[in-house]
Every structure is written in C-alpha cells, then in structure tokens.
Amino acid sequence: SALVMKDGTVVNGKEGAIPTIADGFSTAPSSLPAIPYGKTVSDVEVTIHSHPTEIQVEDGTAYPHSATLPSAVDKTTLPQYGATNIIVGPLGQGTTTRNLDGSFNKSQTTLGAVIYNSSMVEQVRLTQKAVERIIKNSIQ
C-alpha cells in the first residue's frame with residue numbers, strides 16, 4: 001500500500017498478511033501507511049493498495065479476489081481520504097474447475113489497476129500492459 005501526498009511525497013506501507021477464510025469469506029487484512037507528521041488526510045492525493053492476485057482454494061472452495069470489487073472496508077475507509085483511490089490486482093474474478101483427482105484448475109483474469117474517485121466510483125481500468133506502457137513512456 002502507499003499514499004501519494006499532494007506535494008508528491010510517496011509514503012510506502014507494508015505488505016499485508018496472507019488472506020484468511022472466516023465465515024465463508026476470504027479477507028486480506030491490510031492498512032494504509034500512517035500520514036506523515038505535520039500532514040493531514042486532506043494532504044493525501046492518492047491511496048494505492050492491492051488485492052490478492054491468486055485464487056485461494058481452501059477446503060474445496062475457491063475464493064477469487066478482484067480489483068474491480070472494492071471490499072466493504074475499502075468502501076468505508078477510502079472515501080475518508082477524499083482522494084483518488086487505486087486498487088491493483090485481478091481485473092475481474094477468476095474461475096476454478098475441479099479435476100477428477102480433486103485438484104483445481106485456476107483461471108485467473110488479467111492483472112491491472114482500477115482507478116476510483118474519492119467516492120469509490122470506478123473511473124477507469126488499466127491492464128498491467130497498459131500501466132507498463134504508461135510508465136515506460138513517462139520515463140523516456
């Protein structure tokens with residue numbers, strides 16, 4: 001996770017814990033980094049975090065994640081920043097099929113980034129390739 005401040009400062013967070021299953025839901029707990037000393041929430045320009053990139057299978061049940069589906073926590077926490085929000089991860093939920101031997105074939109959707117406004121309304125989806133092209137073109 002990271003915060004991008006209005007003055008251009010990037011505040012990096014820490015990698016979140018491995019997702020856990022509870023009450024039939026996969027939860028990937030994480031938190032945004034602390035706002036720097038002397039700054040306030042109104043100084044945050046962008047929040048960035050990722051959703052798990054792998055389909056989790058536990059006890060025969062698949063738990064896909066997607067950057068296109070903000071969690072309930074995302075929907076309540078991120079608007080408090082009044083900032084643009086970026087979620088990185090799969091662009092849609094992957095699928096699984098169970099093989100005769102009990103193993104699973106996982107079909108994950110392409111990775112990318114979804115940009116949301118301060119109210120968590122999706123503005124644009126970018127594939128990983130598109131993001132890489134944007135970055136490459138901006139540093140040339």
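**Entry 1: the largest pocket**

I looked up which element gives the most to the lining of the largest pocket, and I found α1, with 4 residues. Helices (H or I, at least four residues) and strands (E, at least two) are DSSP runs, numbered from the N terminus. The model is predicted, so I note that local features need pLDDT of at least 70 and side-chain atom pairs count only at pLDDT 80 or more, while totals for chains, interfaces and linings use all residues. Residues are numbered from 1 along each chain as its sequence is written, and side-chain values use heavy atoms, with hydrogens and water left out.

I recorded the meaning of a pocket: on a 1 Å grid over the protein atoms alone, it is an open set of points where a 1.4 Å probe fits, with protein on both sides within 12 Å along at least five of seven lines, and lining residues have an atom within 4 Å of a point. The space in the largest pocket is about 950 Å³; a volume is the space filled by probe spheres set on the points, which are joined across faces, edges and corners.

I then read the lining, which has 35 residues; Thr-27, Ala-28, His-51, Pro-52 and Ser-71 lie nearest the centre of the pocket. At least two lining residues come from each of β4 (25-27), β5 (44-50) and α1 (72-77). By kind, the lining holds 16 nonpolar, 16 polar and 3 charged residues. Here Ala, Val, Leu, Ile, Met, Phe, Trp, Tyr, Cys and Pro count as nonpolar, Asp, Glu, Lys and Arg as charged, and the others, Gly among them, as polar.

**Entry 2: the second largest pocket**

For the second largest pocket I noted about 200 Å³ of space. Which residues line the second largest pocket? I listed Ile-48, Ile-86, Val-88, Ala-113, Ile-115, Leu-126, Val-131, Ile-134 and Ile-135. This lining divides into 9 nonpolar residues, no polar and no charged. The largest share, 3 residues, comes from α2, and β8 (84-90), β11 (111-116) and α2 (128-138) each supply at least two.

**Entry 3: confidence**

I checked pLDDT, the predictor's confidence in each residue, from 0 to 100. The chain has a mean of 92, and 99% of its residues reach 70 or more. Confidence is lowest in β4, at a mean of 81, and highest in β11, at 98.

**Entry 4: a hairpin**

I examined strands β9 (residues 95-98) and β10 (residues 104-107), which run antiparallel and are joined by 4 bridges; two strands pair if DSSP finds at least two bridges between them. Thr-95 stands opposite Ser-107 in β10. The hairpin has 5 residues between the strands, and Gly-102 takes a positive phi near 95 degrees there.

**Entry 5: single residues**

I found Ser-66 in the loop between β7 (61-63) and α1. Is Ser-66 buried or exposed? Ser-66 is buried, with a relative accessible area of 2%; buried means under 20% relative accessible area, exposed over 50%, and partly exposed in between (1.4 Å probe, protein chains only). A polar atom of the Ser-66 side chain lies 3.0 Å from the backbone nitrogen of Gly-92.

Tyr-63 lies in strand β7 and counts as buried at 13% relative accessibility.

Asp-59 lies in the loop between β6 (56-58) and β7 and is exposed, at 77%. Met-120 lies in the loop between β11 and β12 (122-127) and counts as buried, at 10%.

How values were computed: Polar contact = N/O pair within 3.5 Å; in protein donor to acceptor, adjacent residues only side chain to side chain.
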